[in-house]
Each structure stands twice: as C-alpha cells, then as structure tokens.
Amino acid sequence: MRSREGRPFEIVSSFAPCGDQPDAIRALSKGVVEGRSCQTLLGVTGSGKTFTVANVIEEVNRPTLLISHNKTLAAQLYSELRDIFPHNAVEYFVSYYDYYQPEAYIPQRDLYIEKDASINNDIDRLRLSSTSSLLSRKDVIIVSSVSCIYGLGSPEDYSELLVRVDRGATVDRDDLLQRLVQIQYRRSDMELLRGTFRVRGDVVEIFPAYEQTAYRVELFGDEVESLVEIDPLTGEILEDYERVTVYPAKHFVIGEEKIQAAVVGIREELEERLAQLESQDKLLEAQRLRSRTRYDCELLMEIGYCPGIENYSRHFTGLPPGQRPHNLIDYFPEGFLTIIDESHVTIPQVGGMYNGDRARKETLVKHGFRLPSALDNRPMRFDEWEEKTEQVIFITATPADYELDRCRGEVVELINRPTGLLDPVVEVKPAVGQVPDLTEEIRENIKAGNRTLVTTLTKRMSEDLHEHYQEIGIKSQYIHSEVQTIERVEILQDLRRGIYDVVVGVNLLREGIDLPEVSLVGILDADKEGFLRSETALVQTIGRAARHEDARVILYADKVTGSMQRAMDETSRRRKLQEEFNRENGITPRSIKKEILPGIEEEIRTHKIVRNVVGDDETTFEKRENVLFLEKEMLDAAEKLDFERAAELRDSIESLKKGIAAGGKMSTPGQKQGSGNRIAREDPRSQGQ
C-alpha cells in the first residue's frame with residue numbers, strides 16, 4: 001500500500017438533511033462529542049437512517065465500525081456509504097467463506113467432521129484491505145458482519161512485519177524477497193497474482209493481497225531507483241511513489257522468533273495434556289492428540305504455517321489462558337465509534353456467538369482432537385464486546401429492552417419522512433375466512449397496479465397458499481428459509497417488476513428490504529402470540545408497506561393480543577406525528593419512486609460488490625470468476641483421471657485468459673452470451689452465505 005494520510009470525512013451528495021434528520025444529527029453528534037457511551041436512533045422505514053448516520057460520522061470525524069446482522073444488508077450499507085464518502089476509506093469486512101463446515105466431533109456416533117471451507121479470495125482481499133486501511137489512515141469506515149468479533153491475529157504482529165520500500169533507499173534484493181516470503185507472499189515468475197511477487201533481474205513486482213494494482217521496484221545495485229504503481233495485467237505504469245508499504249498477505253502472520261517460542265509452548269502444553277489423558281486411561285485420545293499436534297509443530301517450524309493455526313493463537317500472542325484473541329476491533333484506534341444497524345436483531349446475534357463455539361470446542365478437547373488452548377480461539381463474549389466498544393449508536397425501528405436500558409430510555413427519533421409518507425393504515429379482520437377475504441383484497445390491489453405481501457406462520461402454508469393463488473390466476477411466489485438467499489432477493493425484485501403480484505412468506509419483515517410498489521400487507525393468524533407475531537415482528541412487517549402513499553395492513557385475528565395492540569398504537573403514533581409534520585411544512589405525501597435496474601439482484605450480491613471494488617467491467621469480472629471455477633473443475637477432473645475433460649477445460653481457461661487480456665467478449669462453454677443475470681442462479685459458488 002502506498003503511504004497515505006487520512007483526511008476529514010467528507011460527504012459528497014446532492015441532498016441536504018431534512019425532515020427529522022437535522023435534529024437527529026445534532027443530538028447524536030452532541031452525544032458522541034460529550035462522551036455518551038450509548039445512544040439509540042429510532043428510525044422508521046424510509047426516514048433516511050443511513051444518510052443521517054453518515055452526517056454524524058462527518059460531524060464527529062472518527063473511525064467508525066458499522067455492524068450489520070447479515071452480509072446482504074452489510075453489502076447494501078457498504079455501497080451506500082462508499083457513494084456518500086468517495087474520498088474516504090469505506091471498507092467491507094465479512095466472513096470470507098463461501099462455504100464453511102467447522103471442525104466438530106459427535107461422540108454418540110464416534111464421528112469426526114474435519115473442517116471444510118471454500119474461501120472467497122476477493123472477500124479475503126477486502127478483509128486485508130480493511131486492516132491495512134485502519135493501520136495507515138484515520139478516515140476509515142468498516143462495514144462488518146458479526147465476523148468482526150472472531151479471532152484475527154495480533155495487530156502488533158501484523159504491523160511489525162510490514163515491508164516498507166523508499167525511493168533512493170539502500171535495499172538488498174535477496175533480503176527484500178526473504179521479507180516478502182516471511183509475510184506469506186509467494187513467488188510467481190510466470191503470472192502476477194494477488195499475494196505474489198515476480199522477480200526479473202533487478203526488477204521486483206509485488207501484487208499486494210488487498211489491492212487492485214501492483215507495484216514495481218527497480219533496483220540499481222542496492223539502491224531503489226524507481227517505485228511505481230502498475231496495472232498487473234498490462235504492466236502499464238499508473239503512478240510514481242516515494243514510498244510503498246506492503247502489509248502481510250494473511251492476518252495470521254508471525255515472526256520466526258515468535259514461531260519458535262510458540263512451538264516450545266505448544267509442546268509443553270501437549271506433554272501436560274497427554275499426562276492428564278493417560279492418567280485417566282484415555283489412551284486413544286492421547287494418541288490422537290500426540291499425532292496431530294506434533295505434525296502441526298513440524299509444519300510450523302518448516303513453513304511457518306499449518307492448517308488450523310488459529311487454534312494455537314494463544315501461544316503466538318503470549319496471552320494468558322482464558323484471554324480473548326485479537327480481532328478486528330483491536331485494529332481500531334482509541335475513540336472509535338460503533339454503530340449497530342438493526343440492533344434488535346444484531347445485538348442478540350453478537351451475544352449468541354460465544355456459547356455455541358465453546359460447546360463445540362470443549363467436545364474436541366475432551367476427545368483428544370485439540371489442545372485445551374484451542375478454547376481460547378473464540379469469538380468475544382458479550383461482556384468483552386461491551387467493554388471494548390466504548391461509544392455505541394443503536395439504529396432500529398423497534399428498540400429492544402437492552403437498548404432502552406443502556407440508554408436509560410432516552411431515544412433520538414427519526415419519524416418524519418422527507419417524502420411525507422404516512423405509516424400504513426392498520427385494520428383488524430376476523431381470522432375465520434381470512435384466505436377468501438384476503439384474496440379479494442389482493443384482486444382489488446392488482447387492479448390498482450400495486451403489489452402485496454402475505455405472511456403465514458408455516459412454510460407449508462406459504463407453499464399451499466402460493467399454489468392456490470396460482471390456480472386461480474394470481475401471479476405469486478413464496479419465500480421461506482429453504483429458498484436460497486440470492487433467490488429471495490431475485491423474487492422480491494421480480495415482485496417489484498410485476499412478474500409477481502403477490503409474494504407469500506413466513507418471515508417477510510427482512511429489515512432493510514425496499515419495496516416501494518407494495519401497498520398491501522396481509523398478516524394471517526396475527527393473534528398467534530410468538531416470535532413471528534411479537535410486537536417487534538409486527539411493527540417491522542407493517543413497515544414493509546410504508547413506502548407507498550396508499551399503504552394498508554390487514555391483521556387477521558379473532559382477538560387483539562397485547563403485541564397487536566402495542567404494534568397498532570406505535571404505528572398510529574408515528575402516523576399522527578407525520579400528519580402534523582406534513583401540515584406544518586405543506587407536504588403532500590408521495591410514493592417513493594425508485595428505478596428498478598436490470599439485474600438489480602446482482603448489485604446486492606457480495607460478488608457484485610467485489611466487482612465494483614475491483615474495478616472490472618461486468619464482462620471481465622465474470623470471466624475472471626469463470627476462470628477460477630473452471631480451474632477447480634479441471635483439477636477435479638484430473639483427480640478422477642478424466643484427462644480428456646481436464647484438457648478441454650485447460651484449453652477453455654487459456655481462451656478465457658486471452659480474452660481478458662485482449663478485453664474482447666466471448667462466452668464460456670455451456671453459457672450463452674448476455675446471460676450474466678443467470679450466473680447468480682447457475683453458479684454453485686453463488687450459493688455461499
């Protein structure tokens with residue numbers, strides 16, 4: 001990474017704060033400056049919560065960690081904030097696994113499940129970009145999932161091993177290459193890829209694992225004569241630099257001295273644990289542990305790395321037993337700001353990570369698959385997270401008891417929408433005969449050119465209701481947990497396009513989903529108290545219709561439960577506040593008009609986010625993705641001794657690579673040109689969560 005200093009946060013937008021936004025920005029900014037540990041922003045659907053928070057970040061000018069409860073919404077927030085802050089570092093930090101099966105043991109069946117994972121290299125690059133930005137500048141916003149509370153490696157070790165190269169400095173070429181290898185860069189003289197370096201005489205080209213471009217270091221003897229940024233594909237010189245800093249290619253990187261000290265500690269712990277197991281006559285467990293741990297120690301001594309190295313993190317960091325490992329939050333400087341999006345969902349998720357991880361690893365330790373120190377490779381406990389995040393802003397439309405208790409009941413409200421849109425009209429109808437009644441309501445809604453959402457209590461009922469609507473000529477589709485995440489987004493976008501008139505689901509509250517065309521929400525069996533019919537769930541579901549001027553919500557129930565009444569009271573309160581605001585400001589409510597872009601589901605997908613960051617056009621990005629996919633298929637074919645198929649795939653890969661270099665368009669075997677929107681459905685790698 002080139003040397004660079006942070007700059008103040010600067011919003012670039014044609015919009016100015018309006019409605020309740022100016023008051024909310026002032027209140028939240030004042031609270032941060034005064035050192036308040038906790039604030040809650042109660043923001044209704046369509047009130048501009050993201051824009052409000054962006055203005056707070058600009059006002060207080062602090063590094064910010066924004067945590068979202070899933071990758072999809074994190075990607076949306078990342079895109080929005082990157083557009084709002086084009087001159088600052090907005091980064092994306094989520095789990096880099098497309099597929100992840102954790103190591104586990106099931107004693108009842110004597111079944112050991114080895115860790116299996118498929119790593120998304122582009123997401124890994126963005127994670128590395130996040131930490132390198134935090135260590136090199138101050139104007140940083142990290143949009144993260146709960147992945148930020150998991151072990152990452154020591155920031156001290158990470159920053160100590162960086163490689164700095166200055167123009168005019170004296171550098172021994174062999175020493176430079178050795179230092180690059182030490183921080184997990186691989187030499188690749190044939191092709192310059194991320195996380196590799198290439199050597200041609202006195203010219204060293206380095207492609208950082210977290211950047212889009214590479215760097216060329218030209219030496220004259222032992223003096224750095226030239227230091228330039230280059231396009232790794234074409235070799236074109238992009239810019240000259242006086243200094244370049246290269247950060248490690250992996251987060252778990254340790255110096256040689258620490259590795260040797262760690263191996264000593266691992267072997268000492270091994271002997272202690274073996275003595276315990278043997279004294280309990282657990283000879284099988286002792287043999288398992290001895291074999292695995294000694295093999296890992298040999299790998300560490302030879303190459304400085306081993307599979308599952310994170311399980312030995314306590315020995316590398318020198319932390320005492322029970323101490324949590326380092327994570328992304330440790331890379332932030334003091335005084336950073338934490339923002340929790342949809343806190344009523346995210347906070348329970350943060351709090352629930354530790355116990356599940358602990359139970360799984362205790363079983364592994366008990367049966368000799370891991371040393372007891374593996375228990376210290378864990379996510380943060382909730383109390384540790386609270387201690388580390390000194391100043392927090394919770395964002396939600398439905399604050400839970402936790403947020404209200406921490407903020408002592410004080411809430412900053414963002415109720416009035418700049419568009420003047422009112423919260424929906426809510427009415428209650430009998431549950432007896434609810435399906436025929438709702439069907440007639442849907443028909444009337446279709447005549448008006450609007451869309452409908454229907455929520456049921458079970459997956460089976462959502463599927464049956466969908467089939468019923470199909471039989472009577474209503475264009476419908478269903479959504480529930482068995483429908484892949486990307487497919488869910490595609491279905492909702494097809495609802496907006498009019499391909500469907502109705503979408504039926506079990507849990508359609510889906511915080512953050514934007515459906516301006518929906519004017520009717522039908523909630524079946526609304527009086528069945530529980531998670532899906534709690535006050536929070538009802539308020540969130542009612543909010544799905546809050547972007548249409550003719551919005552209505554029908555609760556089908558034989559009695560009005562406490563949750564229903566509280567949800568209706570809150571909706572009525574918000575509606576009255578908006579009506580008063582509209583009268584005072586002469587605003588006529590108008591539905592939100594939001595363009596439906598071709599392939600908009602791709603914009604929400606993580607891979608699309610990555611493509612935008614990488615800077616490839618869509619055709620080139622798809623080719624690069626297909627090259628990786630075909631290379632895996634080629635290796636699988638070779639392992640199965642299907643060399644003819646492997647040769648065909650090799651030729652296809654070479655053809656694709658030539659096409660990328662030439663910038664021309666070509667279709668991948670088995671794929672039609674212009675079918676970019678189908679790749680998300682057909683490529684099995686797109687199904688990773």
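This text walks through the structure, from the whole protein down to single residues.

The model is predicted, so local features are described only at pLDDT of at least 70 and side-chain atom pairs only at pLDDT 80 or more, while totals for chains, interfaces and linings use all residues. Residues are numbered from 1 along each chain as its sequence is written, and side-chain values use heavy atoms, leaving out hydrogens and water.

Start with the whole. The protein has 22 helices and 25 strands. Helices (H or I, at least four residues) and strands (E, at least two) are DSSP runs, numbered from the N terminus. Of the 689 residues, 54% count as buried. Buried means under 20% relative accessible area, exposed over 50%, and partly exposed in between, with a 1.4 Å probe and protein chains only. The accessible surface comes to about 31000 Å², computed by the Shrake-Rupley method with a 1.4 Å probe. Carbon and sulfur atoms hold 48% of that surface. Contact means heavy atoms within 4.5 Å. Among contacts between residues at least 6 apart in sequence, 74% join residues at least 24 apart.

Seven strands form an open sheet in the order 3-8-2-17-18-1-19, with parallel pairing. Strand 3 (89–93) and strand 19 (412–414) stand at the edges with a single partner strand each, so one side of each has no neighbour in the sheet. Neighbouring strands here are turned by 20° against each other on average, direction ignored. Two strands count as paired if DSSP finds at least two bridges between them. Within this sheet, strand 17 (residues 337–341) and strand 18 (residues 392–396) run parallel and are joined by four bridges. Isoleucine 339 has isoleucine 393 of strand 18 as its bridge partner.

Alanine 214 stands opposite isoleucine 230. These two strands form a hairpin with two residues between them, and glycine 221 in the turn has a positive phi of about 70°. On to strand 15 (residues 237–240), which runs antiparallel to strand 14 and is joined to it by three bridges. Glutamate 229 stands opposite glutamate 239. Strand 14 and strand 15 also form a hairpin, with six residues between them. Glycine 235 in that turn has a positive phi of about 80°.

Now a helix pair. The axes of helix 7 (residues 256–279) and helix 8 (residues 283–303) come within 10 Å and cross at roughly 175°. Axes are lines fitted to C-alpha atoms, for helices over the stretch in contact, and angles run from 0 to 180 degrees between N-to-C directions. Helix 7 and helix 8 are therefore roughly antiparallel, the word for angles over 145 degrees. The contact includes Ile259, Val263 and Leu270 of helix 7 and Leu283, Leu289 and Met301 of helix 8. By class, it has 12 nonpolar, two polar and eight charged residues. Ala, Val, Leu, Ile, Met, Phe, Trp, Tyr, Cys and Pro count as nonpolar, Asp, Glu, Lys and Arg as charged, and the others, Gly among them, as polar.

Two single residues close the tour. Serine 188 lies in the loop between strand 10 (186–187) and strand 11 (196–200). Serine 188 is buried, with a relative accessible area of 13%. Leaving aside neighbours within four places in sequence, serine 188 is in contact with Thr196, Phe197 and Arg198. Aspartate 464 lies in helix 14 (residues 459–471). At 36% relative accessibility, aspartate 464 counts as partly exposed.

How values were computed:
Angles under 35 degrees count as roughly parallel, over 145 as roughly antiparallel, 65 to 115 as roughly perpendicular and the rest as oblique.
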